[in-house]
Amino acid sequence: MGFDIFFALVIKFNDFLLYNSMIEKELYGMRRDYSPKPLNIEAIDKNPFVQFDLWFREATEYEDIEANAMVLSTVGKEMLPSSRMVLLKKYFQYGFIFFSNYKSHKGKQMEENNNAALLFFWPKTMRQVRIEGSVKKIAASESDEYFKSRPRESMASAALSSQSMQLPSREIFDADVKRLSECTDEIKRPEHWGGYIVEPVLFEFWQGGINRAHDRFRFTGKGSQWKVVRLYP
Ligand SMILES: Cc1cc2nc3c(=O)[nH]c(=O)nc-3n(C[C@H](O)[C@H](O)[C@H](O)COP(=O)(O)O)c2cc1C
């Protein structure tokens with residue numbers, strides 16, 4: 001074998017080792033023990049919205065991260081699930097509201113299939129809340145109200161972004177956003193941007209416990225009628 005081929009093989013083997021050492025990480029031993037307050041059937045509020053409100057308030061107090069950041073999962077007609085973070089902007093006894101681009105990937109999926117799931121993870125208090133339900137657009141007037149409350153740059157970005165489409169030039173997009181946000185014209189909410197409400201039919205409250213003794217309570221129902229059961233962890 002010539003030296004050239006030998007060196008080429010050595011380099012290839014090194015690349016192989018480097019590549020594998022970079023992408024392979026075994027996390028079997030990675031765990032934390034938590035010392036939270038256990039959750040029991042007596043303590044949990046029988047209205048899941050009230051229980052959510054209680055935990056959300058505690059999360060805003062204890063968490064370093066944005067407590068209102070949540071995972072939104074959607075599935076379109078092709079049956080491929082897709083998840084991403086969005087920010088919860090309002091909750092009340094009918095549901096959970098967030099804002100986005102109606103023509104985005106998530107927007108298209110929710111158009112095709114109005115079932116969606118939300119997930120909150122609050123690590124400091126070791127809590128997870130799952131919410132599942134149907135999703136629909138909120139009234140245009142409500143979207144207008146929130147849109148107007150946003151910083152001008154966010155309005156401009158929402159108006160100009162074709163969210164989830166290929167962006168040919170970041171520089172051109174930034175310059176367009178700057179131009180629009182600095183001009184004095186009113187920036188109107190584009191029709192393709194607005195709010196969604198998730199109306200729950202299921203909540204699950206998960207409280208991490210010591211030695212993996214986690215507490216899980218699942219609520220099923222609608223409106224003010226809910227049934228709660230404890231689940232195996
Ligand atoms: C913490 C956090 C909060 C976010 N909040 C929103 C939001 O409220 N609305 C939104 O459209 N995208 C939000 N995003 C961006 C989305 O995760 C996502 O990239 C974008 O909506 C496009 O998703 P899609 O292509 O699946 O439609 C947020 C991202 C992060 C990390």
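Begin by selecting strand E2 (81-87), strand E4 (95-101) and helix H3 (105-112), each of which supplies at least two residues of the shell around the ligand. Helices (H or I, at least four residues) and strands (E, at least two) are DSSP runs, numbered from the N terminus, and a residue is near a molecule if one of its heavy atoms lies within 4 Å of it. What is open in the viewer is a predicted model, in which local features need pLDDT of at least 70 and side-chain atom pairs count only at pLDDT 80 or more, while totals for chains, interfaces and linings use all residues. Residues are numbered from 1 along each chain as its sequence is written, and side-chain values use heavy atoms, with hydrogens and water left out.

**The ligand shell**

Next, select Arg84, Met85, Val86, Leu87, Phe99, Ser100, Ser104, His105, Lys106, Gln163 and Ser164, the residues around the ligand. Which element gives the largest share of this shell? Strand E2 does, with four residues. By class, the shell divides into four nonpolar, five polar and two charged residues, where Ala, Val, Leu, Ile, Met, Phe, Trp, Tyr, Cys and Pro count as nonpolar, Asp, Glu, Lys and Arg as charged, and the others, Gly among them, as polar.

A polar side-chain atom of Arg84 lies 2.8 Å from a ligand oxygen atom, a polar backbone atom of Met85 is 2.7 Å from an oxygen atom of the ligand, and a polar side-chain atom of Ser164 lies 2.6 Å from a ligand oxygen atom. Of the 620 Å² of accessible area that the ligand has on its own, the protein covers 63%, with areas taken from the Shrake-Rupley method and a 1.4 Å probe.

**Aromatic pairs**

Tyr146 lies in helix H4 (residues 140-149), so its pairing with Trp193 in strand E7 joins parts 47 residues apart in sequence. Phe99 and Trp193 are both buried, as is Tyr146, buried meaning under 20% relative accessible area (1.4 Å probe, protein chains only).

**Further stops**

Select Gln207, which also lies in strand E7 and is buried, with a relative accessible area of 1%. Its side chain is joined to that of Arg127 by a polar contact of 2.8 Å, a polar contact being a pair of N or O atoms within 3.5 Å, of which, within protein, one must be able to donate a hydrogen and the other to accept it, and residues adjacent in sequence count only if both atoms are side-chain atoms.

Finish at Phe219 in strand E8 (residues 215-222), which counts as buried at 0% relative accessibility and belongs to an aromatic cluster whose members include Phe49, Trp122 and Trp226.

Definitions and conventions. Buried means under 20% relative accessible area, exposed over 50%, partly exposed in between (1.4 Å probe, protein chains only). Rings of Phe, Tyr and Trp (its six-membered ring) pair if their centres lie within 6.5 Å; planes under 30 degrees apart count as stacked, over 60 as edge-to-face and the rest as tilted.
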